[in-house]
Amino acid sequence: MAQMTMVQAINDAMRVELARDEKVLVFGEDVGVNGGVFRVTEGLQKEFGEHRVFDTPLAESGIGGLAVGLSVNGFRPVAEIQFFGFVFEVFDMVASQAARMRFRSGGRFNSPITFRSPFGGGVKTPELHADSLEGLFLQTPGVKVVIPSNPYDAKGLLISAIRDNDPVIFLEHMKLYRSFRGEVPEGEYTIPIGKANVVREGSDLTIITYGAMVHTSLKAAEELEKARGAKVEVIDLRTITPLDMETVLASVQKTNRAIVVQEAQKHAGVAAEIIAQINEKAILHLEAPVLRVTAPDTVYPFAQAEDIWLPDVKRVIDAATQVLDF
Amino acid sequence: MSVSTAVEQKGNEPLQILAPDGTVVRPDLMPNLSDDQLRDLMRKMVFTRVWDQRAISLNRQGRLGFYAPVAGQEATMIGSESAIDKEDFILPSYRDIPQMVWHGFPMYQAFLYSRGHIHGGQIPEGVNVLMPQIIIASQCAQATGVAMGYKLRGEKKVAITYFGDGATSQGDFYEGMNFAGVYKLPVIFFSQNNGYAISVPFEKQTAAENIAVKAQAAGIASARVDGMDILAVYKVVQEAKERGINGEGATLIEALTYRYGPHTMAGDDPTRYRQSEEQNEWEQKDPLIRFRKFLENKGLWSEKDEEAVIEEAKQAVADAIKKADEYPKMKVTDLIDVMFETLPDYLQEQKAEYAAKESK
């Protein structure tokens with residue numbers, strides 16, 4: 001076991017997979033000699049060579065096209081999109097090409113691509129760097145979307161993503177890159193895609209969340225316990241498509257109360273889908289409506305307004321209190 | 001940049017080997033083809049013309065669905081496909097069904113593709129083509145990945161991708177060429193410039209003198225070729241392939257051609273945007289007329305040969321449409337099954353729901 005930041009854990013996952021499978025290729029803007037703008041690919045080109053880890057021209061669609069072509073020709077591309085706000089440039093390649101390859105060919109071809117990309121607020125980035133756009137891909141049949149919240153999950157989930165024979169979007173929250181260290185085993189291990197993790201057990205309320213909001217929700221849970229003795233269960237989804245509704249529903253059936261916490265705007269993200277499914281499958285277990293904690297439905301804010309815009313511990317406590325007192 | 005004979009010609013004049021009267025105007029560039037190979041090119045062009053006529057008719061009868069006519073473009077399609085090998089990979093656009101079929105994709109599956117059936121995309125193992133691309137120029141960027149795969153494995157193969165003149169306005173066209181240039185990839189970017197993107201003439205796509213000059217922006221080689229001259233098309237593609245497998249990188253080919261029919265069979269009426277004189281002028285340049293004259297002059301083609309091919313094509317189309325008719329209908333569970341290698345819970349649930357309905 002080693003203490004690693006999420007950046008180091010992700011780097012380690014790519015190293016493990018590059019060493020294990022020569023079909024794995026890592027590429028993107030500045031991922032080669034520079035080691036990535038966040039040093040996530042640091043040292044990989046030196047270790048594995050320029051034919052395995054390489055820079056591309058500055059063109060996201062070209063990167064996606066390269067990945068799709070390599071994938072149908074027997075390779076396992078790990079393509080980086082420098083910031084997920086730039087995904088619109090490569091939307092066709094992700095949503096219309098990679099996501100549909102197996103379907104369009106009736107199973108003849110597949111696209112085992114991992115699209116890695118940083119996102120997430122709280123670090124005062126310029127425009128279109130921090131936007132939470134994962135909800136767009138919840139609505140895209142054919143892709144999986146993984147969002148780890150800690151170094152251990154990040155490594156195990158990325159290894160699973162790279163080994164998956166269908167396209168996976170692996171979103172790395174920038175605020176979590178170096179904000180803390182965690183225990184990460186050496187060598188290979190996997191965490192199944194599509195499996196949530198109950199990160200705090202409780203019996204009075206379920207908080208369903210992912211990404212940086214896992215940490216915000218854990219803080220809120222602690223304060224709720226201190227303030228009013230409420231036992232709050234926190235579920236880290238880890239994968240937002242496919243959703244682990246089995247874990248969510250089991251928890252809601254136990255606590256009878258739930259809120260969904262996401263960093264994305266109210267009309268975006270995954271909260272609405274989770275609430276719809278709880279309504280469909282567990283309404284008779286509910287003591288209160290399922291509320292959402294989200295960002296407001298504006299464009300992602302100017303850097304100086306992040307603090308008043310992003311969901312925080314107080315907003316989570318407010319929503320939880322409403323549901324507990326309903 | 002190495003300069004070969006047919007690729008990298010300078011100026012606006014497209015390469016021509018056969019004049020419209022069937023005489024050889026560039027004997028120095030004559031591709032090295034046996035009499036049988038020459039006859040086979042003609043056979044495939046006649047076959048494709050008949051197939052196109054039949055496909056239009058079958059579409060009108062409601063027996064085919066989406067169809068983009070190809071008459072007039074036989075030389076660009078067959079000349080280029082014939083100049084590559086079966087090991088080479090084709091990334092076609094929606095109009096490039098003939099190249100797929102001549103590369104080994106069964107015609108009945110092309111008909112199922114037209115109708116919108118899953119089996120129309122199930123390319124047989126060993127046939128190196130992708131499904132027809134609907135998103136214009138997406139295939140240009142994807143061709144780089146296929147070609148990079150060959151380069152990484154040290155295989156002497158090329159990727160060829162087809163698109164029209166309108167596609168050259170897309171970002172993916174430029175991005176694909178530019179990536180191929182940077183990594184020196186064995187890609188042939190083959191533009192069939194038929195003068196129109198639906199109703200929009202080439203002059204409204206770009207103020208550039210032609211498509212071939214766009215290769216300069218990516219630093220790759222280019223050629224301009226008479227797309228009604230199958231021998232010129234063959235020659236240019238053959239050289240582009242040689243350049244690719246010899247590590248000299250990608251080539252953009254602009255083939256000047258014309259589609260006699262509408263853009264697609266979905267209601268496009270070309271008389272709204274084209275003059276009949278223009279159509280007549282291009283019909284004088286018909287690739288079949290020109291090549292037929294050339295072969296007849298050499299004693300390699302007769303009316304009897306032509307009639308035999310026409311009969312062969314009609315029979316092949318009839319057999320293929322019958323086979324397509326007999327192919328089992330799709331079920332929703334079939335569609336669910338090809339979404340992922342392993343179905344996630346929500347799709348397993350939905351599959352069970354539909355399986356229950358389907359078993360009733």
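Helices here are DSSP runs of H or I, at least four residues long, and strands are runs of E, at least two, all numbered from the N terminus. This is a predicted model, where local features need pLDDT of at least 70, side-chain atom pairs count only at pLDDT 80 or more, and totals for chains, interfaces and linings use all residues. As for bookkeeping, residues are numbered from 1 along each chain as its sequence is written, chains are lettered from A and ligands numbered from 1 in the order in which they are written, and side-chain values use heavy atoms, with hydrogens and water left out.

**Confidence**
- Chain B has a mean pLDDT of 95, with 98% of its residues at 70 or more; pLDDT is the predictor's confidence in each residue, from 0 to 100.
- For the complex, the predictor gives an ipTM of 0.96 and a pTM of 0.97.

**Helix α1 of chain B**
- Helix α1 of chain B (residues 35–60) has 26 residues and should span 38 Å at 1.5 Å a residue, which agrees with its end C-alpha atoms being 38 Å apart.
- That expected span is 1.5 Å times one less than the number of residues.

**The A–B interface**
- Chain A puts 42 residues into the contact and chain B puts in 41, with contact meaning heavy atoms within 4.5 Å.
- About 3,300 Å² is buried between chain A and chain B, and carbon and sulfur atoms give 61% of that; buried area is the accessible area (1.4 Å probe) that two parts lose on being put together, summed over both.
- A:F103, A:R104 and A:R108 supply 19% of the area that chain A buries against chain B, more than any other three residues.
- Two salt bridges run between chain A and chain B, a salt bridge being a side-chain nitrogen of Lys or Arg within 4 Å of a carboxyl oxygen of Asp or Glu.
- A:K281 forms a salt bridge with B:E349, with the closest N and O atoms 3.5 Å apart.
- On the side of chain A that touches chain B, β3 (53–55), α3 (60–72), α4 (91–97) and α5 (101–104) each supply at least two residues.
- The largest share of that side, 10 residues, comes from α3(A).

**Salt bridges overall**
- Over all chains, the structure holds 41 salt bridges.
- A:D166 pairs with A:R102 in a salt bridge whose closest N and O atoms are 2.7 Å apart.
- This pair links distant parts of the chain, 64 residues apart: A:D166 sits in the loop between α7 (151–163) and β7 (168–173) of chain A, and A:R102 in helix α5 of chain A.
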